[in-house]
Amino acid sequence: GLREVFVWNELAGTGSWSYAPLGYKRNEALFGNDDTNCAQTPPVVNTRDYPRMFVTTKGLWMYVDGTLSPGAPSPKPLTSFFLPLTPNIANLPICSAPGTESLRWLTGRTSAANVEHAGGNAVHLICRDDVFQGTIKEVVYLMAGTYHFQDDGVCPDAGVPVTDVVEKMVSPHWDDPAAPTLGSWDDVGAADLKRSRVNANAVVLLDGSIVEVGGTGKNAAGVCVPRKTAERYRPPEVFEELQGLTASQNPWVLMCTQLPVQQYHSVSLLLPDGSVLTGGGTYDGEGYPAADARRKIEIYKPPYFFKTPRPIIVGIDTPFGGGAVQPFATLVTVTVRSRPGVGPKRLALLGSGSVTHAGDMNQRYVELQTMNEVQLNANTWDVTVQWPDDGFVAQPGWYLLTVVDDLDIPSVAKWVQVTPLP
């Protein structure tokens, strides 16, 4: 329930951590050191270990998943939304009169998940029904997990199952904090994993598909075993041609098998070329290879690596000049080269990876709105897209920019920075 907040001074280019059990700390460089006007941060409604948190495009902070204290089975995870005071995350710090009601948790307006997902994973996708329209469709996928661990945190207790269930919540009312229902979890519309897993990593790939890597499952005898075969899923929110298909028509697909075991505390990171770096983890005490085996690192190459040639981002141009750093709502023209007759389908930003405890809350897939598209010659296009509107759609920071062609093949990504200042 204790909170620590990093306050960034955009003008000075500096920042500091504030341990804030009583509230958000004022940005002293801008406002002095008087904390009397800072609102107390309300405690989390359901205190959990290993939670997942996302900032929605309308500014609500979504808090889901996790397990209760060791020794007590966790109930089905409730989803809580936090309504921050500030209308724009770029306007930190968050300060107000003490006792403000604008800074609060919104409870009782979402359903619990249908199964327990402690030690599971979640990914956040911001898509568009049509890349030439501004309609945003936002969805969070919640995957796998269990409800009770042994003290080692790796293998669920005897008799405790590991689930393969995948659920999703779409954003019907996330733009209206006053709505009586903010959303519910659907475990029918999304296909379940082929393998039950806990403490696995979920990575959003450059083409918008999701890959589940590593983790621990249980065999038919109820014994914990490492999950070494990755799985990949194409969300219909990203792949529009898959909309309307049932879970059995659009299943998770088993990929290649890893060599080292990667379970508890392992890491999987998306690299700019679209491959996934996997490694790390701790010794699990279950008779698997010794701890030093976890020092091995592997690179996973998704299927699009073998569909050449891939499109290429040739250049980036804006009214603020070319380059990687661009402010919110800028019209950005990206020059794309592809195979003849195969044009660009969509451009997207993917948040830079930041993994801990097999969870990456900085991971974010943001499909950009296409404003104009001009074909320059048989294999070159200028595509003008609008940069994210504000810090809720894409928090300021570094992202991977990729273009996906009509064959769903992504380019090697370029590092770009989203910033609130030109």
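Ground rules next. This is a predicted model, where local features need pLDDT of at least 70 and side-chain atom pairs count only at pLDDT 80 or more, while totals for chains, interfaces and linings use all residues. Residues are numbered from 1 along each chain as its sequence is written, and side-chain values use heavy atoms, with hydrogens and water left out.

Now the overall fold. We have 1 helix and 27 strands. Those are DSSP runs, numbered from the N terminus: helices are H or I with at least four residues, strands are E with at least two. Of the 422 residues, 54% are buried. Buried means under 20% relative accessible area, exposed over 50%, partly exposed in between, with a 1.4 Å probe and protein chains only. Take contacts between residues at least 6 apart in sequence: 61% of them join residues at least 24 apart. Contact means heavy atoms within 4.5 Å.

On to the interior. A nonpolar core is a set of buried Ala, Val, Leu, Ile, Met, Phe, Trp, Tyr and Cys residues joined through side-chain atoms within 4.5 Å. The largest has 36 residues. Leu125, Tyr141, Val211 and Trp252 touch the most other members. Several strands each supply at least two residues, including strand 7 (121–128) and strand 22 (344–351). Strand 8 gives the most, with 4 residues. Look at Leu125. Leaving out residues up to four places away in sequence, Leu125 touches Lys137, Glu138, Val139, Tyr141, Val204, Pro235, Val238 and Tyr365. A second, separate core holds 22 residues, among them Leu368, Trp381, Trp387 and Ala394.

Next, one loop. Glu116 sits between strand 6 (104–106) and strand 7. Why is Glu116 counted as partly exposed? Because its relative accessibility is 22%. Its C-alpha is 7.9 Å from that of Thr163, 47 residues away along the chain.

Cysteines. There are 0 disulfides, a disulfide being a pair of cysteine sulfur atoms within 2.5 Å. Cys127 is buried at 1% relative accessibility. Cys256 is partly exposed at 45%.

Last, Trp398. This residue lies in strand 26 (residues 397–405). Trp398 is partly exposed, with a relative accessible area of 41%.
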